[in-house]
Amino acid sequence: MTEARSRRTVAGIIGTGFMGEVHARAIRRSGAELRRVVGSTPERSREAGERLGLDRFTDDLATLLADPEIDVVHVCTPNATHAEFVRAILDAGKHVICEKPLAVTADEADDLTRRADAAGLVATVPFVYRFYPMVREARARLASGASGEVRLLHGSYLQDWLAQTDDDNWRVSAEHGGASRAFADIGVHWCDLLEFVTGHRITRVTARTLIAMPERAGRPVTTEDAAVLLLETDRGATGTLTVSQISPGRKNRLWFSVDAARESLSFDQENPDSLWVGGRDVNQQLLRGARPAAGAASYDVLPAGHPQGYQDCFDAFVRDTYAALRGGKPDGLPTFADGLRAARITAAVIESAATGTWVDIDELHTPEQELIA
Ligand SMILES: NC(=O)c1ccc[n+]([C@@H]2O[C@H](COP(=O)([O-])OP(=O)(O)OC[C@H]3O[C@@H](n4cnc5c(N)ncnc54)[C@H](O)[C@@H]3O)[C@@H](O)[C@H]2O)c1
């Protein structure tokens, strides 16, 4: 075993807001060392370092990257900054976790994915809803054939934190968040989750977007508050999705139903320890921990009846990413390829909303596929 493999993983973070804190907890819970954090200014870096109890202060990303013991850097900054930071991290030969959306355009996401592949570094994107045990349960049930052929996918991802005209955030600005807001911010999670659970790939979409408040905080708004999609998959299923950041009372309602030939499976992120299984004769509410399917048990970290949640998903995602750094191959780890796929679906949503037509999703061309072609 090399020295690098025998010592614990050492991590750094750029971006010290909501996600920076979530990642910091996950890093520590994985048993890794959080060594350095970088904010938008040296003062913010220092404040965050103090808050997180670090014994060294790091003014900028260059200083973080110059630390030879840092194995992996977590990018938790606004969307438009991701590409520049990820390139610098990969150039420094470090593994990277980059928040979604991986980049604000599909071309940029493609470039980052190719660079990570070429460098042979682990590069993941936190599509963390994959890590709920009951999501793994649904996936295992569908993969086993118990549910039958998947026919219909439907659901929503609804929030309310931008429901008022004076609600504002960097995400509202296309310059910082990208051309798509609600879909790129949360709709991509739903699409990733449904592809993960069913194994289907979304092949085309037609989308309509809504800007309910064309002005916020005195500034014109060009990014969508909500989006509705019709979609089709490569294995003959069809579906609908509603995404909104302006639905009063809906805090983080990621909900789906996969309606297959023998049963429907339904999951609600706000009540994540259960999975509803609907049948013609009997409906069941499966509870986490009761009889976990193969592949779900390792994500069950608390005894049944002690609710697990969002942070537990992050802990599992970071744990699995770090296992990959050590040569492991954890099942269902979302990588840059998945971030690129989300960027391509986003590009199709933007195009469809502008043209009113169906738009095909470009398939991922991995370097391997290019060699075969
Ligand atoms: N995977 C998920 O479930 C999930 C959930 C929420 C947000 N996100 C993503 O995480 C990222 C951050 O979102 P957030 O909610 O934490 O935002 P936030 O506004 O809470 O935090 C962003 C932080 O980045 C810092 N920052 C801005 N520019 C910077 C720069 N040039 N250098 C260093 N730091 C800089 C800001 O000071 C702030 O502390 C976004 O890409 C977002 O889409 C992912």
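## Helices α2 and α10

A crossing of two helices is called left-handed if the near helix is turned anticlockwise from the far one by less than a right angle, and right-handed if it is turned clockwise. The model described here is predicted. In this model the crossing of α2 and α10 is right-handed. Their axes come within 8 Å and cross at roughly 60 degrees, and the two helices are therefore oblique to each other.

On the α2 side, the contact is made by Phe18, Met19, Val22, His23, Arg25, Ala26, Ile27 and Arg29. The partners on α10 are Tyr310, Gln311, Phe314, Asp315, Val318 and Tyr322. Sorted by class, the contact of α2 with α10 comprises 9 nonpolar, 2 polar and 3 charged residues.

## Helix α6 and its two partners

Helix α6 (residues 106-119) packs with helix α11 (residues 336-355) at an angle of about 165 degrees, and their axes are 9 Å apart. Angles over 145 degrees count as roughly antiparallel, and α6 and α11 are therefore described as roughly antiparallel to each other. The crossing of α6 and α11 is left-handed. From α6, the contact draws on Ala106, Ala109, Asp110, Leu112, Thr113 and Ala116, while α11 contributes Phe336, Ala337, Leu340, Ala343, Arg344 and Ala347. This contact of α6 with α11 has 9 nonpolar, 1 polar and 2 charged residues.

Helix α6 also packs with α5. The axes of α5 and α6 come within 10 Å and cross at roughly 10 degrees. Angles under 35 degrees count as roughly parallel, and α5 and α6 are therefore roughly parallel to each other. Ala83, Val86, Arg87, Leu90 and Asp91 of α5 meet Glu108, Asp111, Leu112, Arg115 and Ala116 of α6. The contact of α5 with α6 divides into 5 nonpolar and 5 charged residues, with no polar ones.

## The largest pocket

The largest pocket has a volume of about 890 Å³. It is lined by 36 residues, of which Phe18, Met19, Cys76, Trp170 and Arg171 are the closest to its centre. Phe18 and Met19 also belong to the contact of α2 with α10.

Several helices take part in the lining of this pocket: α2 (18-29), α3 (42-51), α5 (82-91), α9 (182-198) and α10 (310-325) each supply at least two residues. By class, the lining of the largest pocket has 15 nonpolar, 13 polar and 8 charged residues.

A search of the whole structure finds 3 cavities of 30 Å³ or more. The largest cavity has a volume of about 50 Å³. Its lining consists of Phe131, Tyr132, Pro133, Ser298, Tyr299, Val301, Gln308, Gly309, Asp312, Cys313, Ala316 and Arg319. Helix α10 gives the most to this lining, with 4 residues. The lining of the largest cavity divides into 7 nonpolar, 3 polar and 2 charged residues.

The second largest cavity has a volume of about 40 Å³. Around it lie Lys100, Pro101, Leu102, Ala103, Val125, Phe127, Val188, Gly339, Ala342, Ala343 and Thr346. Here α11 gives the most to the lining, with 4 residues. Ala343, one of the lining residues of the second largest cavity, also takes part in the contact of α11 with α6. The lining of the second largest cavity has 8 nonpolar, 2 polar and 1 charged residues.

Terms used
Residues are numbered from 1 along each chain as its sequence is written. This is a predicted model: local features need pLDDT of at least 70, side-chain atom pairs count only at pLDDT 80 or more; totals for chains, interfaces and linings use all residues. Side-chain values use heavy atoms; hydrogens and water are left out. Axes are lines fitted to C-alpha atoms, for helices over the stretch in contact, and angles run from 0 to 180 degrees between N-to-C directions. Angles under 35 degrees count as roughly parallel, over 145 as roughly antiparallel, 65 to 115 as roughly perpendicular and the rest as oblique. Contact means heavy atoms within 4.5 Å. Ala, Val, Leu, Ile, Met, Phe, Trp, Tyr, Cys and Pro count as nonpolar, Asp, Glu, Lys and Arg as charged, and the others, Gly among them, as polar. On a 1 Å grid over the protein atoms alone, a cavity is a set of points where a 1.4 Å probe fits but cannot get out, and a pocket is an open set with protein on both sides within 12 Å along at least five of seven lines; lining residues have an atom within 4 Å of a point. Grid points are joined across faces, edges and corners, and a volume is the space filled by probe spheres set on the points.
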